[in-house]
Every structure is written in structure tokens, then in C-alpha cells.
Amino acid sequence: SDVLVIGSGPGGAIAAAILAEQGADVLMVEEGRQFPPETSAPFSINELQDKYRNGGLTATVSNPPVVYAEGRCVGGGSEINAGLYLRLPEPVRKRWQRDFAIRQFEPGDLEPHYAAVERDLQITLAPPDRIPRASLKLAEGSQRLGWECHEAPRWVSFPGPGYFPIGARHSMSKVYIPRMLRAGGRLMADTRVDRIHRQNGQWVARAFQRDRGPVDLCAKTIFLSAGAINTPALLLRSRIGRHVGKTLQMHPTVKVVALFPDEVNDWNSGVGVHQVKEFSPALSFGCSVSEPPYLAVSMLDHPDSRGLLEKKWKHMAVYYAMLTSAGSGSIHQVPGLSDPLVRYHFSPDAFRLLAKGLGRLCELLF
């Protein structure tokens, strides 16, 4: 191949589609399986089992432990998340341009790329009758307090009654991967790349297919798009780079379950679309998935409230306070383990800021 793309999420899928349409011989490799659209309901147990790594619960070694979620299927994280879309914030753009000496990275340079993605993914706001009631509570509380709150657009459409109430995702498996295939690109799912190395002027990826076993994949160029955890993990296994895996950052969240006098929840309510940015960039508030199984997980530390959950779940919803960035992490490859070991450390200031965010979130909800 001219190009080997490792990973089929947004980074890999967009690169693969554009390169294939420009005439390159593109092979995309994905560790997870390929599923036909709508084979499992969004945020269902089947989706957790089929499309997430480790069922959506992978823990770091930290105090307290941080549990994070990764997609592992064709389309990557775009197949499982809420599809919230925001353009690159201006402070982040300036910092990246300065720190990494990126050329052609002014707002005018990025505008055509934003426009293309927004057109391809049909970025739009939700119809008023499809906004979850729990999400509207954030907007109502923010309005009373005079805090900045807005609805985030998404790559989701609402075909009409009878469809998933939360809408249909315009994920990579529906948009960019079919474009790549129509342009002559190829896709290998169920294929894990273990190592990459240079040999005779080209790249060789040592991979393992679930059905065929080991296979070597050769390419002139590699696009490594395996996510924030597994991209550095692959480089570590390949012994490429000197400081790989030492700069991991996450945006940790703390959650609260709110009980309202009126009904705010229902099956397939999905994820709230409102985000509170009054304390941005340090803190952001939002609404999480609040279907009964997720409520039950959130209430595990309160077993005496089981009866309340059974009777009042339609009056309950899960909300989060999120730090934009806090702490520092590192990724380690342990012999004998297929998944990398992730360590994370929080500073006292990060804990204090998270506590402040929790207090502000509760103020808004009350």
C-alpha cells in the first residue's frame, strides 16, 4: 500500500478518505469488529459489550482511580459518543500553533476544513422537541443564575417518529469510511497491530487477524490514529520515540444524581446537549446518560436508595462537573499484558477545583 492507516476513528477515517480520493492506495486497519448500522441501541448493554474496549470500563492506576472509556470497533469513538461538536477554541489554536510551530494554522486557514467537516457530518442543533428534559434543567438553572450556557451542535439527525429518540449518529462508519471504500481504499477489521518498524525503505506493521493469525502489512507511509492511549502504546511496543507516553492528560469529571419534583427522564433520552461555560476554560458542566442502568451505576454507593431509584427514576438525572485538563498521566507497556498500564496523578489544586465545580453544579441544580 501507499498508506497504512491504523485506527478507524475520526482521525484515521478522515485521513483515509481524503487520501483515497486523491488516488492513494490506502489500507485501514481496525482492532475492533465491524457492525452494520443500528445493530445495537445507543448506550445499551449490547453497545457496551460490542463497541467499547473492556465494556467501557478501563481503570488507571491512580488515587483515586480514574475509569475511562474507549471505542473499539470500526468507526472508533464516533460510534459510541454523543456526537457533540465544537470548533477548536481560539486559545487552544494559538497554543498549538506556538508550541508545535504549525504553519497554515490561522483561523482563515482552518475555515475551509471546518466547513467541509460540518457539511459532511451534517452538524446541526437538535429540534426543540428532541432536547432531553434533563438537559433543559441546565439551561433553566443557568438562566436564573445569569451563567453562560449554550446548546452544543452534534453530528446527529432525527429522521422522524419511530427512530431512536436520541437520533442517528453520522459516525465514521456512515460517512468517511464508505467514502474511502468507494474511492478504492480497503478495510481490515478484527486486526490488531502489535509493532511497526522500518525495513528496506518502507514501514512494516506486524499485525494479528482474529481469523487468519499473524500478517505483515507494508506501506510507504503510516498514519497512526489509534487514540490517546493506544497510539503511544503501539509506539512503546515498537520502541519508537524517546518520551512517548509521558504527557497524557485527561478531563476528569465528578458526577451528581439530581432528584426533581417533575419528570425529566425516560428510556432513550440520550445525552443532554446543553453545556455550562460560565467558568470556562477551567470548568464545564453538562448532563450525562441517565437511563435506569446508568442511574443504578451512579447510585452504587447508596444501596439504601434502591427503592427510590425504582419508583422515581423518571424524576432523576445524572450531571457532571468536568475539568478541562487536570493532572498528568503516563502510559506503560507491561510484558504479558495486551492493554497498556495507565498511571495518573492529581495535584491538590486539581482536587480543590473539582470540589469547587461540584459545589457550583449543585448550586445550579438547586
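1. In this predicted model, the buried residues of helix α10 are Ala350, Leu354, Gly357, Leu361, Leu364 and Leu365. They lie on the same side of α10, because the arc they cover around the axis is only 90 degrees. As a rule, an α-helix has 3.6 residues a turn, so residues three or four places apart point the same way.

2. The opposite face looks outward. Turned away from the buried side of α10 are the exposed residues Pro348, Asp349, Arg352 and Ala355.

3. The helix length checks out. Helix α10 runs over residues 348-365, and its 18 residues should span 26 Å at 1.5 Å a residue; the end C-alpha atoms are 26 Å apart, which agrees.

4. What covers the buried side? The elements over the buried residues of α10 include α5 (133-145), β14 (253-259) and β15 (274-276). Also among them are β16 (283-287), β17 (316-323) and β18 (326-332).

5. Now the core. The largest nonpolar core holds 31 residues, and Phe285, Tyr319, Leu361 and Leu365 have the most contacts inside it. Helix α10 supplies the largest share of this core, five residues. A second, separate core has 16 residues, including Trp155, Met172, Val175 and Ile177.

6. Phe285 also deserves a look. Leaving out residues up to four places away in sequence, Phe285 touches Gly357, Arg360, Leu361 and Leu364, among others. Its other contacts include Trp147, His274, Phe279 and Tyr320.

7. Leu353 is also in α10. At 27% relative accessibility, Leu353 counts as partly exposed. Beyond four places in sequence, Leu353 touches Ala282, Leu283 and Leu323. Gln249 is 104 residues from Leu353 along the chain, and their C-alpha atoms are separated by 16 Å.

Methods. Residues numbered from 1 in each chain as written. Predicted model: local features only at pLDDT ≥ 70, side-chain atom pairs only at ≥ 80, totals over all residues. Heavy atoms only, no water. Helix = DSSP H or I, 4+ residues; strand = E, 2+ residues; numbered from the N terminus. Expected span 1.5 Å × (residues − 1). Buried < 20%, exposed > 50% of the residue type's maximum accessible area, 1.4 Å probe, protein only. Arc of directions from axis to C-beta. Contact = heavy atoms within 4.5 Å. Core = buried A, V, L, I, M, F, W, Y, C linked by side-chain atoms within 4.5 Å.
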